[in-house]
Amino acid sequence: KLAAFVRFSALTPEVIREERLRDDLKYYFMSPCEKYRARRHIPWKMGVQILKIVMITTQLVLFGLNNQLVVSYKEENTMALKNLFIKGYSGVDEDDFSIAVYTQRDVYDSLFYVLDQYSQLGELSVGAISYAEDEDGLLLPLTVCKEYYKRGSLKPSDEAYDIDAQLETRMFFFLTFLIVNFKLPSFFNILLFFRLVNIKVTFNLKGINLQTVRSRELPDCYSFYVMITFDNESHSGKVKLYLDIDAESSACRDWKISGTAQKNTHYLLVFDGFVILVCIISTTLCTRSIILAVRLLQRFSQFFQEHFDRKVCEDDQKEFLNGWYVLVIVSDVLTIIGSILKMEIQAKSLTSYDVCSIFLGTSTLLVWVGVIRYLGYFQKYNVLILTMKAAFPKVLRFCCCAGMIYLGYTFCGWIVLGPYHEKFEGLSRVAECLFSLLNGDDMFTTFAQLKDKNILVWLFSRAYLYSFISLFIYMVLSLFIALITDSYETIKKYQSDGFPLTDLQKFLREHKDFPVVDDFSEKDVEPKCSTFCCCKRYDSSPSDLIKL
């Protein structure tokens, strides 16, 4: 303070105002360690961010381990139900369906097998699963829904048919104790397969996920909505069997547990609450910094308008708008929402595991990306950030142009090669296949799996694949890398020769360094370093002012 008083005592008010503005600007662009050395201001934001990284990562790991148990429970139940209700199931799905049957007798047997297994579920299943009941305690029935053409006659030998394409539906409801006596010939007599479109068998089951007890979590109750479909839409002689399960978890209505599971849940709720508190503090500090930056920009703009009669350039304005603070605030908001959802899940009030995972996963990603900001204060690490910043606009424009060509290949491959190649059956699969080819994956497999029954399509596929690989790997990808390499070389040159000076940097060049407040005697060779201050302080230079 004494040094600052001596410095400003002999200056005019206008010069004092200019020097104070220059001091504030210089201080704003300092690193946390430099701010501590200059004014002994403890870098609270950096400390909060470090604490937040540790806490959010710990929270994510704990939730991820619990979520893995939930996902594995659903997948293993799906596999168990397929083995229970699908006759002849091998344990591996055939393409996207479970199994296929080819004779009428096999269709009848498979349908009877589902009904018989359902009636004996309590004696067959080794899992904690049973029949579902309604609110009055009555068992929910099994439903058999049959869809077929309203009217039709078919004579393939005469190449004649008479079909009414309007679909009709018949539904049959069966309780567990009636299924044993269900083998009614009349039901199958009306299964004219040239009219039959599909048969859907649906039923509800209840289950409890007890494996979470091992991780000292309260178990969830599950409702399984099972649908077994006999698909005969293609009428090709191949009836496909699908088993689809929609599992919904909920809080158990009547539960009692002893041990440490409930106590562990209370500890997790307290920890999540502390994470929310830290995120609120982080958001408050970052919002305060943004407000101070806006005020400082207004002072600087007013000063330039008064003294130079022009506005501050756009590049200088961007220096005040720190995108890292916005990134931190967004990650804090996502963490708060995800933590609240996690607390509701821990308390068994909600079961939205997937939604909570998206919020927590995205917030953790942004938090770790934000660490780059502090690495950017070191010149050797800052080259990555500066290269990305310089190359991003050019890469974005380049990707827009290359994307048009990519979309053209996607649509062309889907319409031409889709009927002959499994990797081109859908638009999303075509895009994924081409992206893999672009990165050099599965090239020979993609060529070899194409069916060569149609020689015209086979020739087109070779021209299509060779042209795509040659164009994107040898030209587009090389140009993409060249853009980034060019930006990197430019940044390296600027770091050695100096960055182009803007009005803001020219204004700050006239600034004199802050008097460093040190608590050591002149005999000491090195200043003492605080816990929060571990960085070497560099001399002021134009390149030090370019920070993100």
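Biologist: What do the numbering and the confidence values rest on?
Modeller: Residues are numbered from 1 along each chain as its sequence is written, and side-chain values use heavy atoms, with hydrogens and water left out. Because the model is predicted, local features need pLDDT of at least 70 and side-chain atom pairs count only at pLDDT 80 or more, while totals for chains, interfaces and linings use all residues.

Biologist: Is Leu427 buried, partly exposed or exposed?
Modeller: Leu427 lies in helix α13 (residues 427-438), helices being DSSP runs of H or I with at least four residues, and strands runs of E with at least two. Buried means under 20% relative accessible area, exposed over 50% and partly exposed in between, with a 1.4 Å probe and protein chains only as cover. With a relative accessible area of 35%, Leu427 is therefore partly exposed.

Biologist: Within what arc do the buried residues of α13 fall?
Modeller: The buried residues of α13 are Val430, Cys433, Leu434, Leu437 and Leu438. The arc is taken from the directions from the helix axis to the C-beta atoms. Seen down the axis, these buried residues line one face of the helix, because they fall within an arc of 140°.

Biologist: Which residues of α13 are exposed on the other side?
Modeller: The buried set includes Val430 and Leu434. On the other side of α13, the exposed residues are Glu432 and Phe435.

Biologist: How many bridges join β6 to strand β7?
Modeller: Two strands pair if DSSP finds at least two bridges between them, and strand β5 (residues 196-209) pairs with β6 in the antiparallel sense over 12 bridges. Strand β7 (residues 239-250) also runs antiparallel to β6, and the bridges joining them number 11.
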